[in-house]
Amino acid sequence: MLKQQGMALFQVLLMVAIISVLLLVMSQQTRSSIERAQAMQDQAELQLALESSANYVDALLLSNDWLIARNQPDHPLAGINFYNYPQTLRLPERAAYRPLGLRVTVQMQNEGSLLNVNFETVKLRQLLLNLGVNSTRVDLMITELRNWIQQPGQLFFQSFSDLAHLEHWDMQDVELIEPYTTLFADVLNPAWSPDEVLAILLTQGQADTIQALRKSNENAVGMLQEFIELRDALNSDIFPGRQQRMRITAEPEGLQLYRRIDYRSRHPIPLRLHAKHFQHVQ
């Protein structure tokens with residue numbers, strides 16, 4: 001009798017222990033599900049806030065003269081540049097921008113100030129060398145690129161990912177050069193070229209001078225025009241083109257909205273979006 005009671009008690013205790021473990025597991029799973037749902041909600045709110053801030057920047061760019069606004073200290077676009085230097089932009093005090101802390105980091109890059117992969121293979125070779133690619137491999141890459149472009153009836157590259165289909169190229173190479181190159185602009189406007197491109201167009205001393213002026217947010221365009229011998233292959237216009245690459249980053253979360261867009265203030269359709277995606281940056 002006592003033995004049966006002992007076995008019954010043991011079974012009850014065992015069942016209680018099993019139920020307790022199951023409840024603990026279910027509790028942890030529920031907590032994890034809630035945390036994942038909250039993280040997804042926070043991510044969605046942050047993406048929507050970045051979209052809203054991009055619309056705000058669009059409105060500023062379409063309704064103001066960029067070069068005049070950048071020289072007005074109290075203007076929202078004060079100090080804006082088009083050579084990809086980060087700039088903090090304060091946002092209006094609206095509920096839509098609260099997930100961003102009412103500020104974002106904006107980077108604008110003038111598409112027409114980048115090296116065209118389809119035409120600028122000599123400068124592209126130097127860019128690859130400056131970025132640390134082995135010289136032997138660079139020669140193979142550039143030779144293959146030129147041979148591909150010069151084939152009879154061959155179309156120019158329309159997508160950066162197509163470069164990775166070449167034998168001596170891979171996606172790491174494409175990602176390495178993409179911030180400094182383009183497939184769409186025919187004439188190079190050096191006024192807003194990134195520092196890495198200036199290092200190819202200028203002597204080291206000239207490039208250092210321009211970079212020092214840029215870091216102090218001074219207009220270096222006039223001096224740049226004196227440094228560069230203007231030829232037919234270069235666009236001497238100091239005004240940025242209508243096609244821009246925009247990066248808007250939420251700090252400190254590191255979520256970034258990338259867009260490639262045309263600004264056409266006098267066009268029936270003032271905005272033309274070519275590409276858009278979100279990415280995490282360090």
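This is a predicted model: local features need pLDDT of at least 70, side-chain atom pairs count only at pLDDT 80 or more; totals for chains, interfaces and linings use all residues.

Reader: Which residues in α3 meet which in α4?
Author: T121, V122, L124, R125, L128 and L129 in α3 meet S135, V138, D139, M141, I142, L145 and R146 in α4 (contact: heavy atoms within 4.5 Å). Helices here are DSSP runs, H or I, at least four residues, numbered from the N terminus.

Reader: At what angle do α3 and α4 pack?
Author: About 155 degrees, with the axes 10 Å apart. Axes are lines fitted to C-alpha atoms over the stretch in contact, and angles run from 0 to 180 degrees between N-to-C directions.

Reader: Rings now. How many aromatic pairs?
Author: Eight. Phe, Tyr and Trp rings (six-membered ring for Trp) pair if their centres lie within 6.5 Å; planes under 30 degrees apart are stacked, over 60 edge-to-face, the rest tilted. F82 and W192 are edge-to-face, with centres 5.3 Å apart and planes at 85 degrees.

Reader: Is F82 buried or exposed?
Author: Buried, at 0% relative accessibility. The cut-offs for relative accessible area: buried under 20%, exposed over 50%, partly exposed in between (1.4 Å probe, protein chains only). W192 is buried too, at 2%.

Reader: Which cluster do ring pairs form?
Author: They link W66, F82, Y83, Y85, W192 and Y263.

Methods: Residues are numbered from 1 along each chain as its sequence is written. Side-chain values use heavy atoms; hydrogens and water are left out. Helices (H or I, at least four residues) and strands (E, at least two) are DSSP runs, numbered from the N terminus.
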